[in-house]
Amino acid sequence: MVHDVIIIGGSYAGMAAGLQLARARRNVLVVDGGQRRNRFAAHAHGFLGQDGRDPSAIAADGRTQLLAYPSVSWREGHVSSVAAGEEGFVATLADGERVEGRRLVLAMGVTDTLPPIEGLAERWGRAVFHCPYCHGYELDRGELAVLATGRTALHQAMLIPEWGATTLLLNDALVLAPEERDELDWRGVTVIEGPVQAIRGHADVVLEDGRMLSFAGIFTASRTAPSSPFAEALGCAMEEGPLGPFIRTDQMQQTSVRHVFACGDAARGAGSLALAVGDGTMAGAATHRSLIFPG
(Lines give C-alpha, C1' and ligand atoms only; values in the text may rest on other atoms or scores of the structure.)
Protein backbone atom coordinates (compact mmCIF):
# COMPACT_ATOMS: atom_id res chain seq x y z
CA MET A 1 0.00 0.00 0.00
CA VAL A 2 1.25 3.50 -0.88
CA HIS A 3 0.08 6.11 1.62
CA ASP A 4 -0.78 9.59 0.43
CA VAL A 5 1.45 11.04 3.16
CA ILE A 6 3.92 9.69 5.69
CA ILE A 7 4.44 11.95 8.71
CA ILE A 8 7.60 11.31 10.69
CA GLY A 9 6.93 12.53 14.22
CA GLY A 10 3.60 12.43 16.03
CA SER A 11 3.95 15.28 18.48
CA TYR A 12 2.01 18.53 18.20
CA ALA A 13 3.24 19.62 14.75
CA GLY A 14 2.91 16.17 13.21
CA MET A 15 -0.59 15.65 14.57
CA ALA A 16 -1.69 19.11 13.40
CA ALA A 17 -0.45 18.29 9.90
CA GLY A 18 -2.19 14.93 10.00
CA LEU A 19 -5.49 16.48 11.06
CA GLN A 20 -5.69 18.68 7.97
CA LEU A 21 -4.90 15.71 5.72
CA ALA A 22 -7.39 13.47 7.51
CA ARG A 23 -10.11 16.05 7.09
CA ALA A 24 -9.33 16.01 3.35
CA ARG A 25 -9.91 12.23 3.50
CA ARG A 26 -6.32 11.41 2.61
CA ASN A 27 -4.58 8.23 3.69
CA VAL A 28 -1.99 9.17 6.31
CA LEU A 29 0.60 7.16 8.23
CA VAL A 30 2.12 8.76 11.35
CA VAL A 31 5.30 7.18 12.72
CA ASP A 32 6.20 8.35 16.20
CA GLY A 33 8.91 7.42 18.70
CA GLY A 34 7.09 8.94 21.69
CA GLN A 35 9.73 11.52 22.70
CA ARG A 36 8.00 14.89 22.95
CA ARG A 37 10.45 17.74 23.54
CA ASN A 38 8.35 19.13 26.42
CA ARG A 39 7.98 15.76 28.17
CA PHE A 40 9.86 17.13 31.20
CA ALA A 41 7.40 19.98 31.80
CA ALA A 42 4.35 19.52 34.04
CA HIS A 43 2.34 22.35 32.48
CA ALA A 44 2.08 23.96 29.05
CA HIS A 45 1.57 27.70 28.77
CA GLY A 46 0.93 30.25 26.05
CA PHE A 47 -1.27 27.95 23.97
CA LEU A 48 -4.72 29.48 23.67
CA GLY A 49 -7.43 27.24 25.11
CA GLN A 50 -4.91 24.88 26.72
CA ASP A 51 -3.03 27.20 29.08
CA GLY A 52 -1.84 25.42 32.23
CA ARG A 53 -2.69 21.89 31.10
CA ASP A 54 -0.37 18.91 31.36
CA PRO A 55 1.32 18.74 27.91
CA SER A 56 1.01 14.95 27.90
CA ALA A 57 -2.78 15.34 28.23
CA ILE A 58 -2.84 17.79 25.31
CA ALA A 59 -0.87 15.31 23.21
CA ALA A 60 -3.10 12.40 24.23
CA ASP A 61 -6.25 14.34 23.34
CA GLY A 62 -4.73 15.28 20.00
CA ARG A 63 -3.92 11.69 19.18
CA THR A 64 -7.41 10.50 20.13
CA GLN A 65 -9.00 13.16 17.93
CA LEU A 66 -6.66 12.40 15.01
CA LEU A 67 -7.18 8.64 15.15
CA ALA A 68 -10.96 9.13 15.08
CA TYR A 69 -10.48 9.64 11.32
CA PRO A 70 -10.49 6.23 9.60
CA SER A 71 -7.91 7.21 6.98
CA VAL A 72 -5.19 7.74 9.63
CA SER A 73 -2.95 4.99 10.93
CA TRP A 74 -0.34 5.29 13.66
CA ARG A 75 2.86 3.33 14.06
CA GLU A 76 4.78 3.35 17.34
CA GLY A 77 8.52 3.26 16.75
CA HIS A 78 11.37 4.90 14.94
CA VAL A 79 12.25 5.45 11.30
CA SER A 80 15.80 4.31 10.56
CA SER A 81 16.11 5.77 7.04
CA VAL A 82 14.20 7.64 4.34
CA ALA A 83 14.88 7.68 0.61
CA ALA A 84 13.22 8.68 -2.63
CA GLY A 85 11.15 5.89 -4.17
CA GLU A 86 9.31 5.14 -7.39
CA GLU A 87 6.03 6.64 -6.18
CA GLY A 88 7.41 9.21 -3.75
CA PHE A 89 9.32 8.16 -0.64
CA VAL A 90 10.24 4.98 1.17
CA ALA A 91 10.74 4.97 4.94
CA THR A 92 12.42 2.02 6.60
CA LEU A 93 11.29 1.42 10.15
CA ALA A 94 13.56 0.24 12.95
CA ASP A 95 12.12 -3.30 12.68
CA GLY A 96 13.03 -3.42 8.97
CA GLU A 97 9.54 -2.82 7.58
CA ARG A 98 9.39 -0.50 4.57
CA VAL A 99 6.47 1.90 4.09
CA GLU A 100 5.79 4.10 1.07
CA GLY A 101 4.21 7.52 0.72
CA ARG A 102 3.58 9.95 -2.11
CA ARG A 103 4.47 12.88 0.16
CA LEU A 104 6.61 13.24 3.27
CA VAL A 105 6.17 15.54 6.28
CA LEU A 106 9.16 15.84 8.61
CA ALA A 107 7.98 16.68 12.13
CA MET A 108 10.58 14.85 14.19
CA GLY A 109 11.36 17.74 16.55
CA VAL A 110 14.74 18.61 17.97
CA THR A 111 17.16 17.33 20.58
CA ASP A 112 18.41 19.72 23.24
CA THR A 113 22.07 19.63 24.24
CA LEU A 114 22.64 21.31 27.60
CA PRO A 115 25.86 22.56 29.21
CA PRO A 116 27.57 19.70 31.11
CA ILE A 117 26.92 21.18 34.54
CA GLU A 118 26.11 18.90 37.45
CA GLY A 119 22.38 18.95 38.22
CA LEU A 120 21.33 21.03 35.21
CA ALA A 121 19.78 18.33 33.01
CA GLU A 122 17.79 16.89 35.94
CA ARG A 123 16.04 20.25 36.38
CA TRP A 124 15.33 20.89 32.69
CA GLY A 125 11.68 21.85 32.24
CA ARG A 126 11.14 22.05 36.01
CA ALA A 127 13.47 24.76 37.35
CA VAL A 128 15.67 25.33 34.28
CA PHE A 129 13.93 26.70 31.18
CA HIS A 130 14.60 28.03 27.70
CA CYS A 131 11.49 30.18 27.12
CA PRO A 132 10.20 32.91 29.46
CA TYR A 133 6.92 33.14 27.52
CA CYS A 134 6.31 29.48 28.38
CA HIS A 135 7.44 29.50 32.00
CA GLY A 136 8.25 33.02 33.22
CA TYR A 137 4.86 34.05 34.60
CA GLU A 138 4.65 31.13 37.04
CA LEU A 139 7.95 32.17 38.66
CA ASP A 140 5.97 35.00 40.26
CA ARG A 141 8.57 37.75 39.77
CA GLY A 142 11.11 35.86 41.86
CA GLU A 143 14.88 36.12 41.52
CA LEU A 144 15.85 34.73 38.12
CA ALA A 145 19.14 33.69 36.54
CA VAL A 146 20.39 33.49 32.99
CA LEU A 147 23.10 30.88 32.56
CA ALA A 148 25.29 31.87 29.63
CA THR A 149 26.15 29.32 26.97
CA GLY A 150 27.16 31.88 24.35
CA ARG A 151 26.03 35.15 22.74
CA THR A 152 22.34 34.25 23.02
CA ALA A 153 22.59 34.84 26.77
CA LEU A 154 22.92 38.59 26.24
CA HIS A 155 19.54 38.68 24.51
CA GLN A 156 18.02 36.49 27.22
CA ALA A 157 19.43 38.67 29.99
CA MET A 158 17.93 41.79 28.43
CA LEU A 159 14.53 40.08 28.11
CA ILE A 160 14.17 38.15 31.38
CA PRO A 161 13.83 41.20 33.70
CA GLU A 162 10.22 41.45 32.48
CA TRP A 163 9.56 38.42 34.70
CA GLY A 164 11.76 39.17 37.72
CA ALA A 165 15.06 40.57 39.00
CA THR A 166 17.73 39.00 36.82
CA THR A 167 21.30 37.83 37.32
CA LEU A 168 23.48 36.93 34.32
CA LEU A 169 25.92 34.11 35.11
CA LEU A 170 28.70 34.48 32.54
CA ASN A 171 30.05 30.96 33.23
CA ASP A 172 33.18 31.72 31.16
CA ALA A 173 30.95 31.40 28.07
CA LEU A 174 30.42 35.07 27.26
CA VAL A 175 32.69 38.14 27.21
CA LEU A 176 30.80 41.42 27.46
CA ALA A 177 31.84 44.64 25.76
CA PRO A 178 31.61 47.82 27.87
CA GLU A 179 28.53 49.02 26.00
CA GLU A 180 26.83 45.65 26.59
CA ARG A 181 27.49 45.95 30.31
CA ASP A 182 25.93 49.41 30.16
CA GLU A 183 22.82 48.00 28.48
CA LEU A 184 22.52 45.29 31.13
CA ASP A 185 22.95 47.84 33.88
CA TRP A 186 20.15 49.91 32.31
CA ARG A 187 17.91 46.81 32.55
CA GLY A 188 18.95 46.28 36.17
CA VAL A 189 20.75 43.00 35.46
CA THR A 190 23.42 41.82 37.89
CA VAL A 191 26.45 40.24 36.20
CA ILE A 192 28.37 37.43 37.92
CA GLU A 193 31.78 36.36 36.62
CA GLY A 194 33.26 32.88 36.86
CA PRO A 195 32.22 29.33 36.02
CA VAL A 196 29.19 27.54 37.43
CA GLN A 197 30.03 24.26 39.14
CA ALA A 198 26.61 22.75 39.89
CA ILE A 199 22.88 23.30 40.29
CA ARG A 200 21.42 21.98 43.55
CA GLY A 201 18.19 22.18 45.52
CA HIS A 202 15.41 23.78 43.53
CA ALA A 203 17.52 26.25 41.55
CA ASP A 204 20.57 26.91 43.72
CA VAL A 205 23.63 27.80 41.66
CA VAL A 206 27.01 26.76 43.08
CA LEU A 207 29.90 28.78 41.65
CA GLU A 208 33.40 27.39 41.34
CA ASP A 209 34.59 29.81 44.02
CA GLY A 210 32.17 28.20 46.50
CA ARG A 211 29.43 30.83 46.51
CA MET A 212 25.84 29.64 46.28
CA LEU A 213 23.07 31.79 44.79
CA SER A 214 19.41 30.81 45.06
CA PHE A 215 16.87 31.54 42.34
CA ALA A 216 13.22 30.90 41.58
CA GLY A 217 14.22 29.71 38.12
CA ILE A 218 17.11 29.57 35.66
CA PHE A 219 16.99 30.30 31.93
CA THR A 220 19.58 29.00 29.52
CA ALA A 221 19.92 28.41 25.79
CA SER A 222 20.32 24.77 24.85
CA ARG A 223 21.97 23.78 21.60
CA THR A 224 19.35 22.24 19.32
CA ALA A 225 19.43 20.05 16.22
CA PRO A 226 16.78 18.01 14.37
CA SER A 227 16.30 14.72 16.21
CA SER A 228 16.86 12.68 13.04
CA PRO A 229 19.12 13.29 10.01
CA PHE A 230 16.45 12.68 7.37
CA ALA A 231 16.26 16.23 6.02
CA GLU A 232 19.95 16.35 5.20
CA ALA A 233 19.90 12.77 3.89
CA LEU A 234 17.17 13.78 1.44
CA GLY A 235 19.12 16.88 0.39
CA CYS A 236 16.93 19.47 2.12
CA ALA A 237 18.62 22.82 2.63
CA MET A 238 19.37 23.74 6.23
CA GLU A 239 19.66 27.05 8.06
CA GLU A 240 22.01 27.86 10.92
CA GLY A 241 20.17 29.66 13.70
CA PRO A 242 21.49 31.11 16.95
CA LEU A 243 20.61 27.86 18.76
CA GLY A 244 21.64 25.42 16.03
CA PRO A 245 20.67 24.08 12.60
CA PHE A 246 17.08 23.75 11.39
CA ILE A 247 15.32 22.78 8.15
CA ARG A 248 14.77 25.62 5.70
CA THR A 249 11.14 25.95 4.55
CA ASP A 250 9.07 28.50 2.70
CA GLN A 251 5.86 30.07 4.02
CA MET A 252 3.95 26.91 3.11
CA GLN A 253 6.40 24.68 5.07
CA GLN A 254 7.78 23.28 1.79
CA THR A 255 11.46 22.31 2.03
CA SER A 256 13.95 22.75 -0.80
CA VAL A 257 13.17 19.17 -1.90
CA ARG A 258 10.01 18.69 -3.94
CA HIS A 259 7.14 17.05 -2.03
CA VAL A 260 8.96 17.12 1.29
CA PHE A 261 7.42 19.39 3.93
CA ALA A 262 8.70 20.15 7.43
CA CYS A 263 7.14 21.67 10.53
CA GLY A 264 7.61 22.12 14.25
CA ASP A 265 10.81 22.88 16.11
CA ALA A 266 12.95 21.05 13.53
CA ALA A 267 11.91 23.67 10.96
CA ARG A 268 12.23 26.77 13.16
CA GLY A 269 15.09 28.70 14.74
CA ALA A 270 13.11 28.57 17.99
CA GLY A 271 9.65 27.31 18.73
CA SER A 272 6.82 26.54 21.11
CA LEU A 273 3.80 24.27 21.31
CA ALA A 274 1.52 26.93 19.81
CA LEU A 275 3.90 27.66 16.93
CA ALA A 276 4.34 23.94 16.27
CA VAL A 277 0.58 23.48 15.92
CA GLY A 278 0.34 26.48 13.59
CA ASP A 279 3.21 25.30 11.40
CA GLY A 280 1.83 21.77 11.35
CA THR A 281 -1.56 23.05 10.24
CA MET A 282 0.04 24.91 7.35
CA ALA A 283 2.21 21.92 6.43
CA GLY A 284 -0.80 19.61 6.33
CA ALA A 285 -2.84 21.92 4.12
CA ALA A 286 0.10 22.60 1.80
CA THR A 287 0.91 18.89 1.52
CA HIS A 288 -2.70 18.20 0.58
CA ARG A 289 -2.65 20.89 -2.09
CA SER A 290 0.54 19.42 -3.54
CA LEU A 291 -1.32 16.15 -4.12
CA ILE A 292 -3.91 18.04 -6.19
CA PHE A 293 -1.59 20.51 -7.89
CA PRO A 294 1.74 18.65 -8.15
CA GLY A 295 3.43 21.59 -9.87
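View 1. In strand S10, the residue bridged to Leu 144 is Thr 166. This model is predicted, not determined by experiment. Strand S9 covers residues 144–147, and strand S10 covers residues 166–169. The two strands run parallel and are joined by four bridges. Strand S9 also pairs with strand S15 (residues 217–220), again in the parallel sense and over four bridges. Within S15, Ile 218 is the bridge partner of Ala 145, and Phe 219 is the bridge partner of Val 146.

**View 2. The two faces of strand S9.** In a regular strand, side chains alternate between the two faces of the sheet.

**View 3. The five-stranded sheet.** Strands S8, S15, S9, S10 and S11 form an open sheet, in the order S8-S15-S9-S10-S11, with parallel pairing. Its edge strands are S8 (128–129) and S11 (190–192), each of which pairs on one side only.

View 4. Asn 171 is found in the loop between S10 and helix H5 (178–186). The loop between S10 and H5 is also the place of Asp 172. Asn 171 is not a glycine, yet its phi is positive, at about 55°. Asp 172, another residue other than glycine, has a positive phi near 55°.

**View 5. The largest nonpolar core.** Nonpolar side chains tend to be buried together in soluble globular proteins. The largest nonpolar core here has 26 residues, and Ile 7, Val 30, Leu 66 and Val 105 touch the most other members. Elements giving two or more residues to this core include strand S1 (2–8), helix H1 (12–23), helix H2 (55–67) and helix H7 (273–292). Which element gives the most to this core? Helix H1 does, with six residues. Leaving aside residues up to four places away in sequence, Leu 66 touches Met 15, Gly 18, Leu 19, Ala 22, Val 30, Val 72 and Trp 74. A second core of 24 residues is separate, and Leu 29, Val 31, Leu 104 and Ile 247 are among its members.

View 6. Cys 131 counts as buried because its relative accessibility is 12%. Cys 134 also counts as buried, because its relative accessibility is 14%. How many disulfides does the model have? The count comes to zero, where a disulfide would need a pair of cysteine sulfur atoms within 2.5 Å.

**View 7. The annotated span and a glycine in helix H7.** The UniProt record, an unreviewed entry, places the feature "domain: FAD/NAD(P)-binding" at residues 3–277. This span is 20% helix and 31% strand, and its end C-alpha atoms lie 23 Å apart. Gly 278 lies in helix H7. Its relative accessibility is 40%, so Gly 278 counts as partly exposed. Gly 278 and Gly 136 are 142 residues apart along the chain, and their C-alpha atoms are separated by 22 Å.

Terms used. Residues numbered from 1 in each chain as written. Predicted model: local features only at pLDDT ≥ 70, side-chain atom pairs only at ≥ 80, totals over all residues. Heavy atoms only, no water. Buried < 20%, exposed > 50% of the residue type's maximum accessible area, 1.4 Å probe, protein only. Pairing = 2+ DSSP bridges. Core = buried A, V, L, I, M, F, W, Y, C linked by side-chain atoms within 4.5 Å. Contact = heavy atoms within 4.5 Å. UniProt positions renumbered as here; feature names shortened; annotations may be inferred.
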